[in-house]
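Subject: Model handover and findings

Hello,

Here is the model for your files. My notes follow below it.

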Amino acid sequence: MRCPFCSHDDTQVKDSRPAEDGAAIRRRRQCPSCGARFTTFERVQLRELTVLKKGGRRAPFDRHKLERSVQLAAQKRNIDPERIEQMVSGIVRRLESLGEPEIPSEKIGELVMDALKNLDPVAYVRYASVYRDFREVGDFSQFISGEKLSPKGKTEKPKDGE
């Protein structure tokens with residue numbers, strides 16, 4: 001692995017341990033040239049995924065982009081980063097297990113929305129506001145009332161007759 005600091009071609013693994021409940025391996029590396037230390041993660045990738053965008057454009061699936069969007073929605077929320085990582089890993093596993101090489105961006109968005117709804121209602125609404133392109137304050141209240149989100153953050157069960 002190339003050193004990210006000095007671009008030396010060969011680095012040494014100093015420590016390896018399982019991460020993400022055994023779904024990845026975390027490696028601490030050191031560069032013999034500059035002495036810098038850094039961490040890498042190794043994950044199994046079942047297949048190359050391509051995201052089919054709304055406009056018909058195709059882009060390679062980027063796990064880090066998915067992670068960043070979830071972290072942005074969860075910013076300043078009291079959510080354990082490990083739970084976010086587990087959620088993202090679960091979404092990626094579901095996408096890979098679909099067996100389709102091309103995944104519509106809407107499918108990815110819906111999977112993220114479902115996962116965030118169970119993780120944190122504020123992060124869920126934040127993500128939805130970007131994903132569903134809210135333009136006015138009324139869009140937020142309409143979405144929240146339509147989702148039947150209670151003030152405590154639990155999703156309310158529909159009453160009989162609704």
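Helices (H or I, at least four residues) and strands (E, at least two) are DSSP runs, numbered from the N terminus. This is a predicted model, where local features need pLDDT of at least 70, side-chain atom pairs count only at pLDDT 80 or more, and totals for chains, interfaces and linings use all residues. Residues are numbered from 1 along each chain as its sequence is written, and side-chain values use heavy atoms, with hydrogens and water left out.

Helix α1

Glu67 is found in helix α1. Is Glu67 buried or exposed? Its relative accessibility is 12%, so Glu67 counts as buried. The cut-offs: buried is under 20% relative accessible area, exposed is over 50%, and partly exposed is in between (1.4 Å probe, protein chains only). Glu67 touches Glu85 and Val88, leaving aside residues up to four places away in sequence. Contact here means heavy atoms within 4.5 Å.

The buried set of α1 is Arg63, Leu66, Glu67, Val70 and Ala73. Seen down the axis of α1, these buried residues fall within an arc of 130°, so they line one face of the helix. That arc is taken over the directions from the helix axis to the C-beta atoms. An α-helix has 3.6 residues a turn, so residues three or four places apart point the same way. The partners of the buried α1 residues are β3, α2, α3 and α4.

At the start of α1, a side-chain oxygen of Asp62 comes to within 3.0 Å of the backbone nitrogen of His64.

The core

The largest nonpolar core has 28 residues. Such a core is a set of buried Ala, Val, Leu, Ile, Met, Phe, Trp, Tyr and Cys residues joined through side-chain atoms within 4.5 Å. Ile91, Val112 and Leu116 have the most contacts inside it. Two or more residues each come from α1 (63-73), α2 (81-97), α3 (105-119) and α4 (121-131). Helix α3 gives the largest share, seven residues. Leu116 touches Val70, Ala73, Met87, Pro121, Ala123, Tyr124 and Tyr127, again not counting residues up to four places away in sequence.

Antiparallel sheet

β1-β2-β3 is the strand order of an open, antiparallel sheet. Two strands pair if DSSP finds at least two bridges between them. β1 (12-19) and β3 (37-43) stand at the edges with a single partner strand each, so one side of each lacks a neighbour in the sheet. Neighbouring strands are turned by 25° against each other on average, direction ignored. Axes are lines fitted to C-alpha atoms, for helices over the stretch in contact, and angles run from 0 to 180 degrees between N-to-C directions.

β1 and β2 pair over seven bridges. Asp15 stands opposite Arg28 in β2. β2 (residues 24-30) and β3 also pair over seven bridges. Here Gln30 has Arg37 in β3 as its bridge partner.

β1 and β2 form a hairpin with four residues between them, and Glu20 in the turn has a positive phi of about 50°. Gln86 lies in helix α2. At 34% relative accessibility, Gln86 counts as partly exposed.

Mixed sheet

β5-β4-β6 is the order of an open sheet with mixed pairing. The twist averages 35° from one strand to the next. β4 (residues 50-52) and β6 pair in the parallel sense over three bridges. Val51 stands opposite Ile103 in β6. α3 lies across β4 and β6, at about 65° to β6.

Best regards

Terms used:
A polar contact is a pair of N or O atoms within 3.5 Å; within protein, one must be able to donate a hydrogen and the other to accept it, and residues adjacent in sequence count only if both atoms are side-chain atoms.
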